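Please keep the sequence and the model in view while reading.

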Amino acid sequence: MAAMPRRRSLQRRSSPFRWLWWLAGLLVIAVIVVVMAMPALVVGYLQSFVRSEGFRVKLEEMIEAKTGGSARLADIQWQDDAARMSEATIETASGLQIEAVGVHAALDFSAIRRGSWSLQSAGADSVIVTKHPADKEAPRAEESSVTENALPGWLSQHIPKTTEVDGFDAERFSYSQNGWQVEEARLHLGSYNSASTSKGRFSFPGTLEGGVLRMPVTPPGQKEPLKLDIERASFRLTDEKLQISESTLRWKDRSKGTLRGSVRFGGEWQMFAHAEQVPSAEFLSEEWQKHLSGHFEGDAELSGAKGQPMKWKADVALKDGVLSSLPILDKLATYTRMERFKRLALDIATASVSPHVSGGTRLEKIVIQSNGLMRLEGTLNLLPGDVIEGDFMVGVTPETLRWLPGAQNRIFIETNPQGPPGLNWARVKVAGTRSAPQEDLSSRLLGAAGMSLLFDSPGTIVNKASDTLLEPVLGEDAAKLPGQIINGTTKTLEQGVKTGTDLINKVIPIFPGK
């Protein structure tokens with residue numbers, strides 16, 4: 001019976017330790033609960049914070065820190081996890097101005113648990129981007145959290161450090177820089193994840209559909225800069241440049257083309273264009289529209305930089321081309337007795353076009369060919385004041401020269417190693433104006449015919465078109481001399497020699513080199 005009190009005494013001594021163990025266990029459980037609840041606490045706090053006016057202010061400050069410019073954001077209206085802003089304006093130190101209307105997005109708060117801000121279904125009703133000259137060197141973007149210096153310190157380590165955007169859509173998008181303008185296009189930007197890019201960098205794939213592209217180029221015959229309809233364009237937008245990888249364009253519903261290139265936000269740009277099915281009438285004066293038909297296709301390269309004039313060059317081809325109703329063609333048809341000259345089908349018509357140093361346009365590597373008839377190669381300068389200067393090599397088939405006395409052995413005697421075989425070649429100079437061009441071939445042909453009359457035997461000019469060809473120079477009676485000589489009339493022969501001698505002063509001034 002004496003042992004019982006001692007056992008109770010031992011139990012009383014151990015009781016304080018048991019309470020300590022219980023207290024430690026409760027503390028451990030509390031810590032575990034707090035740790036497990038921390039993400040939910042962070043999410044709850046951030047849900048409350050992003051709906052506050054302080055978040056909008058901090059968002060403006062973050063944008064200004066990253067861009068070195070200014071930001072003005074309207075009040076943010078929330079409905080569940082979806083936010084909407086009536087308008088936003090951002091101006092960067094690099095000269096980029098962005099104006100957006102009807103901005104909207106949904107914030108996936110569950111992504112905060114994995115350390116990311118996740119924006120879904122982002123877009124705007126309208127976005128207008130304008131590139132102005134930069135006032136100063138743009139600062140490098142600084143990494144900053146949208147809630148930096150705005151939350152209690154114990155929450156900082158749980159704040160997301162990356163941003164995810166599943167895409168961005170704008171129903172109306174416009175962009176302008178250095179005379180280039182995109183208007184009223186539908187814009188789609190692809191996904192973006194800041195974790196996959198370097199600090200301060202970004203890169204978005206995107207597409208444009210619909211809208212209009214205006215280029216700082218006024219084609220010949222047009223009164224306004226080139227305006228193209230956009231069918232679709234694929235590009236990549238980075239913090240440094242806009243890279244256009246592929247685009248399909250149309251002009252006046254009939255012509256189509258493609259465009260690729262890049263526009264650096266520092267001011268430099270380069271574009272490569274291809275066009276086809278472009279009616280020739282769009283680039284010709286009303287007078288020339290009566291004489292030349294067909295459609296153009298070709299490739300062009302354009303480039304420019306801040307404070308520098310645009311550079312460009314193009315390779316152009318005329319397809320299904322036809323020359324008709326030109327006085328010189330009618331003369332050739334008469335002289336050669338070949339009706340094909342009256343309506344000259346152009347099987348080949350190509351040229352390289354570039355600006356002339358004087359401010360006009362230079363056409364070089366010109367090749368115009370009508371199979372089985374003639375080929376023209378050379379250079380033409382379209383100078384200010386409507387002046388033209390040209391230097392050509394003209395090749396014709398021997399059959400073409402058959403009815404032109406003196407042409408084959410006095411005019412078409414040049415060599416052209418680069419030209420196709422089987423042609424007789426002559427050099428031709430062109431001058432005057434576009435409305436009244438002048439060439440020296442016609443007069444030289446007349447001179448050659450006159451020389452043939454005076455110095456060749458009658459047999460070499462019989463049955464040729466000498467009567468038609470010589471009449472403008474020698475008169476109707478003298479032009480008929482070759483046929484009369486063949487008739488053997490001595491009196492006519494004597495008269496012809498005298499007439500030829502009297503008229504030699506008319507012929508000599510138009511010989512080549514005179």
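Rings of Phe, Tyr and Trp (its six-membered ring) pair if their centres lie within 6.5 Å; planes under 30 degrees apart count as stacked, over 60 as edge-to-face and the rest as tilted. By this criterion, ring pairs join Tyr192, Phe202 and Phe204 in a cluster. The model is predicted, so that local features need pLDDT of at least 70 and side-chain atom pairs count only at pLDDT 80 or more, while totals for chains, interfaces and linings use all residues. Residues are numbered from 1 along each chain as its sequence is written, and side-chain values use heavy atoms, with hydrogens and water left out.

The structure holds 6 aromatic pairs. One of them is formed by Trp78 and Phe109, whose ring centres lie 6.4 Å apart with planes at 40°, so this pair is tilted. It links distant parts of the chain, 31 residues apart: Trp78 belongs to strand E2 (residues 76-79), and Phe109 to the loop between strand E4 (96-107) and strand E5 (116-131). Helices (H or I, at least four residues) and strands (E, at least two) are DSSP runs, numbered from the N terminus. Phe109 is buried at 3% relative accessible area, whereas Trp78 is partly exposed at 23%; buried means under 20%, exposed over 50% and partly exposed in between (1.4 Å probe, protein chains only).

Attention now turns to the loop between strand E15 (269-279) and helix H3 (286-289), where Glu282 is found. Glu282 is buried, with a relative accessible area of 14%. Its side chain makes polar contacts with those of Lys252, at 2.8 Å, and Arg254, at 2.5 Å. A polar contact is a pair of N or O atoms within 3.5 Å; within protein, one must be able to donate a hydrogen and the other to accept it, and residues adjacent in sequence count only if both atoms are side-chain atoms.

Most residues other than glycine have a negative phi. Glu184, in strand E8 (residues 180-189), has a positive phi near 55° and is exposed at 53% relative accessibility. Asp320, in strand E17 (residues 311-324), has a positive phi of about 55° and is exposed at 60%.
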